[in-house]
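Here are a few notes on the charged pairs, written as numbered points. Have the structure open while you read.

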Amino acid sequence: MSLATAELPADPVVLRAFALACQGELRAAQTAVQLKVLEIEKLRFQIAKLRRMQFGRSSERVTRQIEQLELQLEELETGEAEDAARTQASEPAVPIAVRAKPKRKPLPDHLPRQEMLHQPADNGACICPACGGGMSKLGEDITEVLD
């Protein structure tokens, strides 16, 4: 049974001992996480170093070492992801505030507007100069700019 799921004692002395035990469990968990993170970083560094060696000169041994380290790294990362998923599943969900992207309000209708239309050369003839085939409309952008 984990200390996190145990019931709180009523006696202050026992409660103090319980709090110290919880702190010890927390420190142990933090240390385990730090060790996993350090091992992951070490493996990434070794993989990067071996890749530099591999492209410097060709060697099958270096390739095998890279593959083995990548497998170890993948196992550690999946283990870390599983641990994170377990802790998230056990913790109560806290709603996260989602920020809406700010939108500009449209310009007022009473302001004058100037429409600019960009068309191809040759009086708007939509013929490809390379093959002579017809061109099609790609898209349309509408922009309002206040001078």
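1. K36 is partly exposed, at 29% relative accessible area. Its partner is D83: the two form a salt bridge, with the closest N and O atoms 2.7 Å apart. K36 sits in helix α1 (residues 12-56) and D83 in helix α2 (residues 60-90), so this pair ties together parts that are 47 residues apart in sequence. D83 is partly exposed too, with a relative accessible area of 28%. Keep in mind that this is a predicted model.

2. How many salt bridges are there by the rule used here? The count comes to three. The cut-off behind that is a Lys or Arg side-chain nitrogen within 4 Å of an Asp or Glu carboxyl oxygen.

3. R44 pairs with E41 in a salt bridge, at 3.5 Å from N to O. Both residues belong to helix α1 and are three residues apart, about one turn of the helix. R44 comes out as partly exposed, with 41% relative accessible area, and E41 is partly exposed at 42%.

4. R44 also meets E77 in a salt bridge, here with 2.6 Å from N to O. E77 lies in helix α2 while R44 is in helix α1, so the contact ties together parts 33 residues apart in sequence. E77 counts as partly exposed, at 32% relative accessibility.

5. R44 has a salt bridge with E41 and another with E77.

Key:
Residues numbered from 1 in each chain as written. Predicted model: local features only at pLDDT ≥ 70, side-chain atom pairs only at ≥ 80, totals over all residues. Heavy atoms only, no water. Helix = DSSP H or I, 4+ residues; strand = E, 2+ residues; numbered from the N terminus. Buried < 20%, exposed > 50% of the residue type's maximum accessible area, 1.4 Å probe, protein only.
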